[in-house]
Amino acid sequence: MTAPGNVAGAPTRVLLVDDDPLVRSGLAAILGSAEDLRIVGEASDGDEAPDAVRAHRPDVVLMDIRMPRVDGLSATRTLTAMPDPPRVVVLTTFDLDDYVFRALQAGASGFLLKDTPPRRLVEAVQVVATGEAMLSPTVTTRLLRHFTAAYGDGGRRAAAQERLAGLTGRESEVLLGVARGGSNAEIGRALHLSEATVKTHVSRLLSKLDADNRVQVAMLAHDAGLLE
């Protein structure tokens, strides 16, 4: 699905929602440095987010969790229920499991910590704008552990290994990079590939594995026992 306001070749439109003006200023400086990203608006609380989305029609909303009037989780649920909703990336100083699961349940496409390096933050917004999901490496690990603890093995390993059997050697290397929470740029540096080439491999992985996003790819790798 094309996000609202997105036109082929146009910069990704980003809305910032955070009650701290200094944080918004810092985020604007980081994201505004990328040629393909454009900050179109800001909101200082979750209750302002819906009107800001209607006014600015962003492709991606960068959402704080803890705000005084309406928190980011409630605001995310409201935004994702709107017609032609924007993608939402939750950005917080807290990586508590409850926040991660509630954010994903609310419809967030990404969950990052505020100490995320600038380059990864930029790439996360770029990735989410294309319709994929992006979680920080620590969050990915916690999420996989949660599903293992909650649902057990249940014969998933053999099924996952069968799904991965048709991958090429290079695709398997890229899959491991994705499963460990690596960005396209980080995977490219590790494998001596261009970022564009990694992006192509990730797209092929999603297609071959019938996966909707990087999180599902990571879960397959985990189920297959590749991360042990």
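In H9, Asn184, Ala185, Ile187 and Gly188 meet Glu195, Val198, Lys199 and Val202 of H10, contact being heavy atoms within 4.5 Å. By class, these contact residues are 4 nonpolar, 2 polar and 2 charged. The model is predicted, with pLDDT of at least 70 needed for local features and 80 or more for side-chain atom pairs, while totals for chains, interfaces and linings use all residues. Residues are numbered from 1 along each chain as its sequence is written, and side-chain values use heavy atoms, without hydrogens and water.

H9 covers residues 184–191 and H10 residues 195–208; helices are DSSP runs (H or I, at least four residues) numbered from the N terminus. Their axes lie 8 Å apart at an angle of about 110°, with axes fitted to C-alpha atoms over the stretch in contact and angles running from 0 to 180 degrees between N-to-C directions. H9 is therefore roughly perpendicular to H10 (65 to 115 degrees).

Val202, in helix H10, is buried because its relative accessibility is 3% (buried is under 20%, with a 1.4 Å probe and protein chains only). Beyond its neighbours within four places in sequence, Val202 contacts Glu132, Val174, Val178, Asn184 and Arg214. Val174 is 28 residues from Val202 in sequence, with a C-alpha to C-alpha distance of 7.1 Å.

H10 also supplies 4 residues to the lining of the largest pocket, the largest share. Helix H5 (118–129) is another that supplies at least two. Of the 13 lining residues, Gln126, Val127, Thr130, Asn184 and Lys199 lie nearest the pocket centre. A pocket is an open set of points on a 1 Å grid where a 1.4 Å probe fits, with protein on both sides within 12 Å along at least five of seven lines, and lining residues have an atom within 4 Å of a point.

Definitions and conventions:
Angles under 35 degrees count as roughly parallel, over 145 as roughly antiparallel, 65 to 115 as roughly perpendicular and the rest as oblique. Ala, Val, Leu, Ile, Met, Phe, Trp, Tyr, Cys and Pro count as nonpolar, Asp, Glu, Lys and Arg as charged, and the others, Gly among them, as polar. Buried means under 20% relative accessible area, exposed over 50%, partly exposed in between (1.4 Å probe, protein chains only).
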